[in-house]
Amino acid sequence: MSESFDGDWLDIREPADARARSFALAERLSAALPARPRLLDLGAGTGSLFRWMAPLLNRAQAWTLVDADASLIERAFDTIAVRALDVGFDISAPSKRVLLVHTPSGAWRVEGLVADLADAPDGLPLGKHDAVVCTAFCDLVSRTWVEGMAARLRLPFYAALNVEGHARFLPPHPADGIVARRFRRDQGRDKGFGGPALGPDAVRAMAAAFRARGFDVTTASSPWRVGRAEARMLSALVDGHAEAAMRRTPRGGTAIRAWTARRHAQIGQGRLRAVVGHRDLLALPGRR
Ligand SMILES: C[S@@+](CC[C@H](N)C(=O)[O-])C[C@H]1O[C@@H](n2cnc3c(N)ncnc32)[C@H](O)[C@@H]1O
């Protein structure tokens, strides 16, 4: 059973994601790809990686957005179409599952695929793609999942915005420690990928698994830096931390509720900001 994600939350985080991602790693991926790259985006959600990376690739390209949640894929298509029109690109839809964005650098083809990725790469059309990419996805998966992917993949693998397990809300609050400890523990909850989620261990596990298979692995820090004016993002972060911290046990509930109320008051006063650690990873296959 896949973990569900709210499309509004994915939209709220998109600007912070876009600022956080490592350009250097994405440019390295771009340089390793052919003239018209075909990318398979796992857990694509509302398509925010496509919107960030397609202009960076800056050539004709084809994307397959894979997600278990059909409503997110539908929303991805709507958002991609609206944003393309907003910047003056034409769009066309040769079929219900395919959208074409006509840009001066060539056509960007986007296709949706609704699938449960619990057993990936089983069932994925790897032979029709030049890279597997994902964002905010690999901290949900298990060690077995990563090892299976590294063992079977012979394509570049790019995984951006994996949590590092530390978030700093400023100014400090006495209950920061309990919220952080509980939040970190919740990140290891089984998210439907055959074992505990890797959470903050995701990058270490991916780097070891891909290096063991001869891939050249590079990582880069990609923290969210959320400023005092970003009230919606800060509110969502505070609520997400409080909810995760309370999930397993109501113990400590009074301190966590006080933390949440204080953090919301600080957002209202324009006094709260946050830094959340993430890391991007790129694994390029060795020559055979
Ligand atoms: C944190 S969201 C990230 C979405 C998107 N990549 C982004 O950066 O905005 C994780 C995504 O993984 C998808 N997902 C989670 N478990 C899944 C599964 N077992 N199979 C396919 N997709 C899954 C969710 O539906 C969600 O869209």
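Arg-257 is placed in helix H9, which spans residues 253–268, where helices (H or I, at least four residues) and strands (E, at least two) are DSSP runs numbered from the N terminus. The model is a predicted one, in which local features need pLDDT of at least 70 and side-chain atom pairs count only at pLDDT 80 or more, whereas totals for chains, interfaces and linings use all residues. Residues are numbered from 1 along each chain as its sequence is written. Arg-257 is partly exposed because 13 other C-beta atoms lie within 10 Å; by the criterion applied, a residue is buried if 20 or more other C-beta atoms lie within 10 Å of its own, exposed if 12 or fewer, and partly exposed in between, with C-beta atoms placed from the backbone. Between the C-alpha atoms of Arg-257 and Val-133, which are 124 residues apart along the chain, the separation is 38 Å.

Helix H9 also takes part in a helix pair, since the axes of H8 and H9 come within 10 Å and cross at roughly 180 degrees, and the two helices are therefore roughly antiparallel to each other. Axes are lines fitted to C-alpha atoms, for helices over the stretch in contact, and angles run from 0 to 180 degrees between N-to-C directions; angles under 35 degrees count as roughly parallel, over 145 as roughly antiparallel, 65 to 115 as roughly perpendicular and the rest as oblique. Residues that make this contact include Leu-234, Val-238 and Ala-242 of H8 and Ile-256, Trp-259 and Arg-263 of H9, two residues being in contact if their C-beta atoms, placed from the backbone, lie within 7 Å. The contact of H8 with H9 divides into 9 nonpolar, 4 polar and 1 charged residues, where Ala, Val, Leu, Ile, Met, Phe, Trp, Tyr, Cys and Pro count as nonpolar, Asp, Glu, Lys and Arg as charged, and the others, Gly among them, as polar.

The crossing of H5 and H7 is right-handed, a crossing being left-handed if the near helix is turned anticlockwise from the far one by less than a right angle, and right-handed if clockwise. Arg-143, Val-146, Glu-147 and Ala-150 of H5 are in contact with Ala-205, Met-206, Ala-209 and Phe-210 of H7, and by class these are 6 nonpolar, no polar and 2 charged residues.

Met-206 is also among the residues touched by Cys-138, together with Ala-159, Asn-162, Leu-198 and Ala-202, when residues up to four places away in sequence are not counted. Cys-138 is placed in the loop between S6 and H5 and is buried, with 26 other C-beta atoms within 10 Å. The C-alpha atoms of Cys-138 and Val-203 are 8.2 Å apart in space, the two residues being 65 residues apart in sequence.

In helix H2 (residues 23–32), the buried residues are Leu-25, Ala-26 and Leu-29; seen down the axis of H2, these fall within an arc of 95 degrees and so line one face of the helix, the arc being that of the directions from the helix axis to the C-beta atoms. The exposed residues Ala-24 and Ala-31 are carried on the face of H2 turned away from its buried side. The buried residues of H2 pack against helix H3 (48–57) and against strands S6 (131–135), S7 (157–170), S8 (216–221) and S10 (273–284).

Several backbone features were also identified. Most residues other than glycine have a negative phi, and most peptide bonds are trans. Leu-161, which lies in strand S7, has a positive phi of about 55 degrees although it is not a glycine, and counts as buried with 26 C-beta neighbours inside 10 Å. For Asn-58, phi is near 55 degrees; Asn-58 is found in the loop between H3 and strand S2 (61–67) and is partly exposed, with 13 other C-beta atoms within 10 Å. The peptide bond from Ala-120 to Pro-121 is cis, with omega near 10 degrees, and a cis peptide bond with omega about 5 degrees joins Leu-170 and Pro-171.
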